[in-house]
Amino acid sequence: MGYGRGLIVGHWVTLRRFLRTFLVGHGRTMKRRGGGYQPLDFWFGKKVRGDEPTIQQDATTEGLFTVEYPDERLPVYERFRVLPMLVYDDVDGNVRCTSCNICAKVCPPQCIWMTHAQGPDGKPVPLPADFYIDMDVCMNCGLCAEYCPFDAIKMDHNFELSNYERHQTHIFSLQDLLVSSEFYAKTHPDAYDSADEVTERNKVAKKKDQRLQKALGLGAKPASTVRPVAKVAAAPPA
Amino acid sequence: MNVACDWAFPLVWAQQSELDSIPWLKWIIVLAVVFFGIFPGIVAYTVWGERKVAARFQDRIGPNRVGPLGLLQPIADAIKLITKEDLVPRSADRWVHLIAPVLILVSAFLVLPVIPFGVGLAAVNPPSGLIYLIAVSSLSALGIFLAGWSSRNKYSLLGAMRAVAQLVSYEVPQVLSIVPIILWAGSLSMVTIFDKQVLYGWFLFSPPGMLAFVTLTIANIAEVNRTPFDLPEAESEIIAGYHTEYSGMRFGLFFLAEYLSVFAVSCLGTAIFLGGGTLPWPLTGEPVVTLGGGETLFAMLLLNLPLIGIFMAKVSLYIFLMFWIRATLPRLRVDQLMAFAWKFMVPLCIINIFISAVWYECVIRPSKPNYLLGWGVTLPLVVVSIIGVLALYRSSMKAEPVELTTGSRRRSVVRSVS
Ligand code: SF4
Ligand code: SF4
């Protein structure tokens, strides 16, 4: 039981924090700046959207902690996951998805639905004609990506999804969900290069190619001449 | 030179012997500039400073989006407050609801004219300046109570009740810690107090002076309802207390008044303990001694600019002290608040008056001041009295609350059973 010792120590602690924001970390300089950090802040000096500097912070950061979000951003790590995306192979333009409906079945809030594509003869083709995800309902759990047997659906990193209108724009269709495998390789380099995915990719590519050709009744046509499926999806068969 | 010093208060009409030929016009211009320009500006940038400082205390940056370093933020806030809808609750007492914030603001403004910002820069110099100051600053309690009462809202009323209890309690130690100054200066006039400090150095530099300064600061913080004494507007308990039902510019007036009174009490503390605009001990009364004496406009400017600069620096430090305390201490409970005022502050202040009388006998009254004797006698007295009052206060605090809570809880249990 001291006479006001706690008072004095407490005031010292807060004063120390106050001073340290000027003495250590990025508060010491004017180098890191969001908007309004410089004495004069001009709009044309700003970085383009998406090009903003990324700030590395961890438990050892001292002084100012603020990351001025739209002008600076925290790094996005590979296993960070927001909405799913559908991957197509940019070698041949094939959508990997076979419309097997597994993801739609495992999705806990049931926000995926799709229709099978049909070949010229009216038979179903292992491709999605339409593929929808209600992004208001999706809870970013990633189960769809875990269950997909063809590595076709993967989790995206883009979390800036706000919109002025919700009924039209928040139902993501095939067009909104498709990304190239190159994009996927860029955002998820570790996963893309892992042994698992490499072998899986090779296996699936071979199998799927055969099935596709069989379904389209094209016999032994080489894979490279198959019409890019992305375009098929853009104008689905009536 | 008169333009600079005549700014604030119609009482001057009665006192001034040489009125200009167009005094009305001059007064209107001066009032417009000072009341609608300088003081709101000071308030606006105190708010900005508080937000910046509080942010740094929490490892944040603070406002930095509107203008360079967020400097235009207060202007944006003012525009927002002015253009917002002014709501009055249907069951509120319209006129009282309207008058209450104005009353608080007037109280904060009326403190300022007697503050000697520099030589000849106190707008009015009534011989009983300190009494006047205490009187007008206690007007705000009335305004706060009217605000809470007229809103017809239980939270407002609770806040107002707390505010009145707190303001009335802390006015006592506030006045009692000013008494040593009156004793030493032999006058109630703020200007005389300033002149005495130019001659003898700051009143802070004595053991009873330091103790009185500390108690005055605590009482000041309580008077302007700032953390840890912000019970009247404790947002986690009673929404916003007495100004819960205010919106738009009426709320803005409360805001203005709060920060203006922060500025005013800081000016008070600076003027009576920190020697106004003078420098500390080795350079006692410095800018006045070397630069003073001139009668021309230029000489007055040369003297008063550094004086005002030093005064404002001291006021800023005092305000920073308040921000610092706010960033550190949590809110007191009501019973702690009352006990602290009546069981600790008041006895300590009363004892301190006697100690300052000893200091007066040792240092100020003799023609040749005996500082060594003064420090030697009063310092142990101050230390002993602080420890003694603190020990008494602690022992009294230990016994009571325990009994209170268990007793009342048992009673409520019994009532619910029966
Ligand atoms: S991430 Fe989860 S909720 Fe979203 S679509 Fe996939 S399975 Fe459904
Ligand atoms: S994304 Fe995968 S799991 Fe879902 S339908 Fe397509 S292939 Fe099947």
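View 1. The shell around ligand 1 is made up of twelve nonpolar, two polar and no charged residues, where Ala, Val, Leu, Ile, Met, Phe, Trp, Tyr, Cys and Pro count as nonpolar, Asp, Glu, Lys and Arg as charged, and the others, Gly among them, as polar. There are 14 residues in the surroundings of ligand 1, and the closest are Cys107(A), Cys138(A), Cys141(A), Gly142(A) and Cys144(A); a residue is taken to be near a molecule if one of its heavy atoms lies within 4 Å of it. Around ligand 2 there are 13 residues, of which Cys97(A), Cys100(A), Asn101(A), Cys103(A) and Cys148(A) come nearest, and this shell holds ten nonpolar, three polar and no charged residues. Residues are numbered from 1 along each chain as its sequence is written, while chains are lettered from A and ligands numbered from 1 in the order in which they are written. This is a predicted model, in which local features need pLDDT of at least 70, side-chain atom pairs count only at pLDDT 80 or more, and totals for chains, interfaces and linings use all residues, with side-chain values based on heavy atoms and with hydrogens and water left out.

**View 2. The largest nonpolar core and a second, separate one.** A nonpolar core is a set of buried Ala, Val, Leu, Ile, Met, Phe, Trp, Tyr and Cys residues joined through side-chain atoms within 4.5 Å, and buried means under 20% relative accessible area, exposed over 50%, and partly exposed in between (1.4 Å probe, protein chains only). The largest such core has 94 residues, with Met190(B) and Ile272(B) having the most contacts inside it. Helix H12 (residues 248-273) of chain B gives the most to this core, with 15 residues; helices here are DSSP runs (H or I, at least four residues), numbered from the N terminus. A second, separate core has 31 residues, among them Met114(A), Ala117(A), Met135(A) and Ala152(A).

View 3. On a 1 Å grid over the protein atoms alone, a cavity is a set of points where a 1.4 Å probe fits but cannot get out, and lining residues have an atom within 4 Å of a point. Grid points are joined across faces, edges and corners, and a volume is the space filled by probe spheres set on the points. The structure holds five cavities of 30 Å³ or more, and the largest cavity has a volume of about 280 Å³. Its lining consists of 22 residues, of which Ser137(B), Ser140(B), Glu223(B), Val224(B) and Ser261(B) are the closest to its centre. H12(B) provides the largest share of this lining, seven residues, and by class the lining has 13 nonpolar, six polar and three charged residues.

**View 4. Backbone details in loops of chain B.** Thr227(B) and Pro228(B) are joined by a cis peptide bond, with omega about 5°, and Pro228(B) lies in the loop between helix H10 (207-223) and helix H11 (235-238). In the loop between H10 and H11 of chain B there is also Asn225(B), which has a positive phi of about 55° although it is not a glycine. Asn225(B) counts as buried because its relative accessibility is 5%. Asp59(B), in the loop between helix H3 (23-57) and helix H4 (73-83) of chain B, has a positive phi near 60°, and at 9% relative accessibility Asp59(B) counts as buried.

Methods
Helix = DSSP H or I, 4+ residues; strand = E, 2+ residues; numbered from the N terminus. 1 Å grid on protein atoms, 1.4 Å probe; cavity = no way out; pocket = protein on both sides within 12 Å on 5 of 7 lines; lining within 4 Å.
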